[in-house]
Amino acid sequence: MAAAKHNLIVSRGEDFSFKVTVSDGSSPIVVTGNTFKSEIRRASGKPLVASFTCAVTDGSAGEVTVTLPRSESLKLDANTTYKWDIFRIESGTPDVTTRLIYGDVIVEGNVTDISNFVT
C-alpha cells in the first residue's frame with residue numbers, strides 16, 4: 001500500500017493533535033498491539049527536530065491519536081517547512097513496518113508572545 005500525502009500546518013508553541021484511522025480503504029484495520037512512530041525533520045536523513053507521540057485510542061476501530069506537544073512544537077522554527085511521516089509497526093514474527101502518511105509540516109509564527117506562558 002502506498003503512503004498517503006498529507007501536509008500539516010502547525011503554529012509554533014501550540015499543542016497540536018489529530019486522529020488517524022488505519023483502514024484497508026473500506027474498513028478499519030485492528031491496530032491493537034501495534035506501535036506507531038512519527039518524526040519531523042528538515043529533510044529525509046537530516047537530524048531529528050521534533051517527535052510526535054502516537055497512542056492507539058481505539059484499536060478495534062483502527063484509531064490512533066498523534067500529538068505534537070507544545071514542548072516539541074517550540075523546537076520548530078517559525079515560517080519554515082519541514083518533512084514528517086508516520087509508520088505502523090505490526091508486532092509479529094517478523095515485525096511488519098508500513099509507512100502510512102507523509103508530507104510537509106508548515107510552521108506558522110505567532111503574533112502573541114507565548115515565550116513566558118506558564119502551563
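Q: How many aromatic pairs does the count come to in this predicted model?
A: Rings of Phe, Tyr and Trp pair if their centres lie within 6.5 Å. By this rule, the count of aromatic pairs comes to 4.

Q: How many residues apart in sequence are the parts tied together by the pair of F18 and F52?
A: F18 and F52 form an edge-to-face aromatic pair, at 6.2 Å centre to centre and with 80 degrees between the planes. F18 lies in strand β3 (residues 16–21) and F52 in strand β5, so the pair ties together parts whose separation in sequence is 34 residues.

Q: Is F18 buried or exposed?
A: Buried means under 20% relative accessible area. F18 has a relative accessible area of 18%, so F18 is buried.

Q: Which strand holds W84, the residue that pairs with F18?
A: F18 and W84 form an edge-to-face aromatic pair, 5.8 Å centre to centre. The pair ties together parts that are 66 residues apart in sequence, because F18 lies in strand β3 and W84 in strand β7.

Q: Which residue of β7 is the bridge partner of I40?
A: β4 and strand β7 (residues 80–90) run antiparallel and are joined by 7 bridges. In β7, the bridge partner of I40 is W84.

Q: Which residue of β8 is the bridge partner of T81?
A: β7 and β8 form a hairpin with 5 residues between them. These antiparallel strands are joined by 11 bridges. In β8, the partner of T81 is I106.

Q: Is S44 buried or exposed?
A: S44 is placed in the loop between β4 (35–41) and β5 (48–58). Exposed means over 50% relative accessible area. With a value of 75%, S44 is therefore exposed.

Conventions:
Residues are numbered from 1 along each chain as its sequence is written. This is a predicted model: local features need pLDDT of at least 70, side-chain atom pairs count only at pLDDT 80 or more; totals for chains, interfaces and linings use all residues. Side-chain values use heavy atoms; hydrogens and water are left out. Helices (H or I, at least four residues) and strands (E, at least two) are DSSP runs, numbered from the N terminus. Buried means under 20% relative accessible area, exposed over 50%, partly exposed in between (1.4 Å probe, protein chains only). Two strands pair if DSSP finds at least two bridges between them. Rings of Phe, Tyr and Trp (its six-membered ring) pair if their centres lie within 6.5 Å; planes under 30 degrees apart count as stacked, over 60 as edge-to-face and the rest as tilted.
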